[in-house]
Amino acid sequence: MGSVRSSVSLPRGRSGLALTGALTGLLLSLSSPAAHPASGSDTLPRGSAYMGIGVLAHDGRAVDADAPPNDPRATQTEGVDVSSYQGDVKWPTLWGEGVRWAYTKATEGTNYTNPYFTQQYSGPYNVGMIRGAYHFATPDTAGGAAQADYFVRHGGGWSKDGKTLPGVLDIEWNPYGDSCYGKSRSAMVSWIRAFVNRYKSRTGRDAVIYTATNWWTQCTGNYSGFGGNPLWIARYASTAGTLPSGWSYHTMWQYTSTGKTVGDHDRFNGALDRLKAFATG
């Protein structure tokens with residue numbers, strides 16, 4: 001330790017403060033949930049996107065985001081969403097913290113599968129949670145139907161066992177380039193329709209659509225024709241806020257990226273019995 005100490009140059013008279021600050025920062029980094037990989041970069045590798053990657057960059061974080069989620073319409077059941085950057089997840093810890101459902105990234109485009117999918121998908125099931133899988137959409141790489149097929153083949157299916165949630169289409173800001181993936185609003189609507197139609201024909205369930213109101217407005221023109229699909233709204237605040245056109249209520253809400261154990265925490269818009277009913281179909 002002496003050799004390490006002698007190799008560090010600290011301002012005279014402030015070595016104690018500097019060392020304390022460094023140790024504090026190290027402890028905080030070790031105790032915090034895994035940090036999200038950087039978003040909005042031209043060099044971000046394909047496959048590294050995750051649910052909500054563009055929310056902070058484009059929507060920010062509301063001034064009341066540290067307040068407890070507040071929506072008086074229903075009892076809300078805590079959930080999380082995870083992807084490969086979090087590695088093996090501590091599911092028993094999350095269960096002990098009151099988390100009762102989870103979604104795991106399964107696929108992206110038609111060329112990526114999550115290498116941690118087995119642990120992240122079976123883990124919540126094994127501790128008693130209700131679980132599901134999501135697909136990160138990349139409309140610039142392949143058609144909607146093709147991506148739905150790829151998703152179903154690689155973990156995105158559904159079974160009527162009461163513990164498996166319908167698959168999710170994560171459609172949001174493009175982390176690799178143009179926010180709307182180079183598509184016009186009408187072309188984007190057509191792409192989404194192709195995905196959800198194929199998913200329903202393959203599984204018998206309507207896919208959940210995860211999105212943010214600002215992205216939906218920008219890239220679909222606030223299209224109102226998908227109200228039959230459950231909505232998972234992304235907004236880091238104490239309320240879910242204004243919903244995209246076509247939906248009068250949300251089914252799920254991603255309310256923070258800085259929760260305990262894993263960063264992304266969510267609420268199901270109902271009590272646990274309603275969540276079970278939703279899973280059963």
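Select Gln 147 and then what it touches beyond four places away in sequence: Gly 109, Thr 110, His 135, Phe 136, Ala 137, Thr 138, Pro 139, Thr 141, Ala 142, Trp 191 and Phe 195. Contact here means heavy atoms within 4.5 Å. The model is predicted: local features need pLDDT of at least 70, side-chain atom pairs count only at pLDDT 80 or more, and totals for chains, interfaces and linings use all residues. Residues are numbered from 1 along each chain as its sequence is written, and side-chain values use heavy atoms, with hydrogens and water left out.

Stay on Gln 147, which is found in helix 6 (residues 144–156). Helices (H or I, at least four residues) and strands (E, at least two) are DSSP runs, numbered from the N terminus. Gln 147 counts as buried because its relative accessibility is 0%. Buried means under 20% relative accessible area, exposed over 50%, and partly exposed in between (1.4 Å probe, protein chains only). Now show the side chain of His 135: a polar contact of 2.8 Å joins it to the side chain of Gln 147. A polar contact is a pair of N or O atoms within 3.5 Å; within protein, one must be able to donate a hydrogen and the other to accept it, and residues adjacent in sequence count only if both atoms are side-chain atoms.

Next, select helix 5 (residues 117–127), where Phe 117, Gln 120, Tyr 121, Gly 123 and Pro 124 are buried. These residues lie on the same side of helix 5 because they cover an arc of only 160 degrees around the axis. The arc is that of the directions from the helix axis to the C-beta atoms. Turn to the other side of helix 5 to find Thr 118 and Asn 126, which are exposed. The cover over the buried residues includes strand 1, helix 4 (91–96), strand 2, strand 4 and helix 6. Step past the end of helix 5 to Gly 128, which has a positive phi, near 105 degrees.

Move to helix 9 (residues 272–280), whose buried residues are Leu 275, Phe 278 and Ala 279. Viewed down the axis of helix 9, they fall within an arc of 100 degrees, so they line one face of the helix. Just after helix 9 comes Gly 281, with a positive phi of about 85 degrees.

Then pick Ile 233 in strand 7 (residues 231–234). Ile 233 counts as buried because its relative accessibility is 0%. Apart from neighbours within four places in sequence, its contacts are Thr 211, Ala 212, Thr 213, Ala 240, Leu 243, Pro 244, His 250, Met 252, Trp 253 and Gln 254. Draw a C-alpha to C-alpha distance from Ile 233 to Tyr 255: they are 8.5 Å apart in space and 22 residues apart in sequence.

Now show helix 7 (residues 185–203) with helix 8 (residues 213–220); they pack at an angle of about 115 degrees, with axes 7 Å apart. Axes are lines fitted to C-alpha atoms, for helices over the stretch in contact, and angles run from 0 to 180 degrees between N-to-C directions. Helix 7 contributes Arg 185, Met 188, Val 189 and Ile 192 to the contact, and helix 8 contributes Trp 215, Trp 216, Thr 217, Gln 218, Cys 219 and Thr 220.

Finally, display the whole protein: its secondary structure comes to 9 helices and 9 strands. Of its 281 residues, 48% count as buried.
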